[in-house]
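I opened my notebook beside the model today.

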Amino acid sequence: MGRTGSALLPLHGGRVPDWLASRMARLGAVMVEALVLEEGPHGVLRRLAHPFWFQALGCVMGMDWHSSGITTSVLGALKRGLAGRERDLGVTVCGGRGRHSRSTPAELMQFGDRTGVDGAALARTSRLVAKVDSALVQDGFDLYLHGFVVANDGAWTVVQQGMNTDRRQARRYHWLSEGVRSFVEEPHAAIEGQPLGTIVNLTDRRAGASRDAQVALSLDPDRIVRELRNPHLQMPAHHDVRPTDVFLRRVHATLAAAAENGPKDFADLLLQPGVGARTVEALAAVAEIVHGAPCRFADPARFSLAHGGKDGHPFPVPLRLYDRTISVLKDAVAQARLGREERLGALRRLDEQARRIQSVATGPDLETLIGVERERSASYGGRDVSGPARTQPRRGQLALPLEAAESPAARLVSARN
């Protein structure tokens with residue numbers, strides 16, 4: 001068992017509107033089902049334990065790309081979406097925010113009764129992990145959310161979040177039940193974040209003889225090197241998606257892969273007609289979440305370009321497109337469960353193609369991409385917390401060369417030798 005990383009996020013209020021929450025639950029459930037088919041329940045746990053992947057998942061679900069609300073909404077969506085299917089998928093989500101976090105031990109006891117796993121031991125683990133990040137490690141963040149995701153064999157991931165109201169920041173902690181020998185002596189792979197004064201870390205091995213006393217966290221160079229090996233995600237305070245937030249070459253690769261396969265070739269690719277190139281772009285982002293390597297999630301904001309965000313950044317959530325993404329992915333997973341893996345394999349190939357052409361893909365700048373999405377938002381059923389998107393007048397400086405008489409690939413990408 002080990003702590004796999006942390007994420008520092010701006011503190012945001014508000015709630016997820018019902019029109020998005022229901023879709024997040026459906027999309028999250030089918031993505032977990034696809035991951036179970038590809039990597040098994042333990043693969044799902046490893047993904048959730050990675051702070052960058054978790055943030056990217058929230059972005060592709062349509063949440064605000066950098067805010068603290070991603071943690072609550074993603075865990076809540078997965079808990080709702082997987083309800084009643086835990087035995088079949090082998091993954092159960094327990095806990096949540098506030099009073100739901102306090103019910104985690106009872107839920108784990110019920111899980112133990114259902115599966116035969118030691119529920120009391122899991123409940124004890126839940127309490128210990130929360131205690132470590134609140135009492136043994138005193139870093140200025142008060143825990144208010146505790147999510148415990150457990151596989152049917154007892155392997156688990158914990159995602160919990162603390163709040164610092166003075167700095168208007170939240171810090172998310174990720175744990176994975178692989179590799180540590182003790183909860184109270186150096187269970188963390190790293191502790192990383194903005195300094196907030198003296199940090200008390202009673203899990204340090206050098207505090208073994210005096211765990212009841214406060215010991216300042218060591219700042220020696222060797223320890224810094226060890227901590228920097230662990231992924232740490234720190235989201236900026238600005239709400240809009242800026243060019244510095246996105247690895248644009250990966251965006252261009254996704255667009256190029258989508259252009260090559262849609263709309264005319266998409267029926268052959270996924271064996272499902274009636275889906276256009278824009279849907280393939282969203283599916284390419286979903287495919288990367290399911291199949292991509294951890295090193296590709298260093299810029300989670302990129303995934304917000306698939307389905308936008310509820311607050312309108314980078315653009316309103318395109319509901320028609322969102323629903324088509326869910327439909328295509330559900331169909332692919334259903335076919336894979338019947339032994340026909342062509343459609344799920346097509347999603348994997350879409351991700352592979354985007355990776356292959358990443359080094360040579362070029363295209364419009366980020367402002368142009370976002371501008372075009374905003375321009376078309378109404379036609380996609382766009383919506384944010386303020387209401388439906390309105391048709392915007394076309395502006396020349398935002399136009400992509402989509403009307404040119406070139407192939408889809410040539411319109412969206414050019415390759416350099």
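**Entry 1: Gln169 and its contacts**

I began with Gln169, and asked which residues it touches once those up to four places away in sequence are not counted. I found Leu8, Leu9, Leu11, Phe141, Gly162, Met163 and Asn164; contact here means heavy atoms within 4.5 Å. Gln169 lies in strand S6. Helices (H or I, at least four residues) and strands (E, at least two) are DSSP runs, numbered from the N terminus. With a relative accessibility of 16%, Gln169 counts as buried. The terms work like this: buried is under 20% relative accessible area, exposed is over 50%, and partly exposed is in between, using a 1.4 Å probe and protein chains only.

**Entry 2: what I am looking at**

I noted that this is a predicted model, in which local features need pLDDT of at least 70 and side-chain atom pairs count only at pLDDT 80 or more, while totals for chains, interfaces and linings use all residues. Residues are numbered from 1 along each chain as its sequence is written, and side-chain values use heavy atoms, with hydrogens and water left out.

**Entry 3: salt bridges**

Side chains of opposite charge can pair when their charged atoms come close. I counted a salt bridge wherever a side-chain nitrogen of Lys or Arg is within 4 Å of a carboxyl oxygen of Asp or Glu. How many salt bridges does this rule give? The count comes to 14.

I looked at Arg337 and Glu33, whose side chains form a salt bridge at 2.5 Å, N to O. Arg337 is in helix H13 (residues 319-337) and Glu33 is in helix H1 (residues 18-48), so this pair ties together parts 304 residues apart in sequence. Glu33 counts as buried at 8% relative accessibility, whereas Arg337 is partly exposed at 36%.

Arg337 also meets Asp88 in a salt bridge, 3.7 Å from N to O. That pair links distant parts of the chain, with Asp88 in helix H4 (residues 86-89) and Arg337 in H13, 249 residues apart. Asp88 counts as partly exposed, at 48% relative accessibility. I then saw that Glu33, Arg85, Asp88 and Arg337 are linked in a network of salt bridges.

Another pair I checked was Glu178 with Arg46, where the closest N and O atoms are 3.1 Å apart. Glu178 sits in the loop between strand S6 (169-176) and strand S7 (200-201), and Arg46 sits in H1, so the pair ties together parts 132 residues apart in sequence. Glu178 is partly exposed, with a relative accessible area of 40%, and Arg46 is partly exposed too, at 42%.

**Entry 4: the largest pocket**

Rolling a probe the size of a water molecule over the atoms shows where empty space is left. About 650 Å³ of space lies in the largest pocket. On a 1 Å grid over the protein atoms alone, a pocket is an open set of points where a 1.4 Å probe fits, with protein on both sides within 12 Å along at least five of seven lines; lining residues have an atom within 4 Å of a point. Grid points are joined across faces, edges and corners, and the volume is the space filled by probe spheres set on the points.

Which of the 31 lining residues are the closest to the centre of the largest pocket? They are Val16, Gly69, Thr72, Ser73 and Arg97. H1, helix H3 (69-82), strand S2 (91-97), strand S4 (142-151) and strand S5 (156-164) each supply at least two residues of the lining. H3 gives the most, with eight residues.

**Entry 5: strands S2 and S4**

Six of its seven residues are buried, so S2 is largely enclosed by the rest of the structure. S2 pairs with S4 in the antiparallel sense over seven bridges; two strands pair if DSSP finds at least two bridges between them. Within this pairing, Cys94 stands opposite Phe148 in S4.

Two bridges join S9 to S10 (residues 382-384), and Pro318 stands opposite Gly382 in S10.

Ala389 lies in the loop between S11 and helix H16 (408-412). Neighbours within four places aside, Ala389 is in contact with Pro316, Ser377, Ala378, Gly382 and Arg383.
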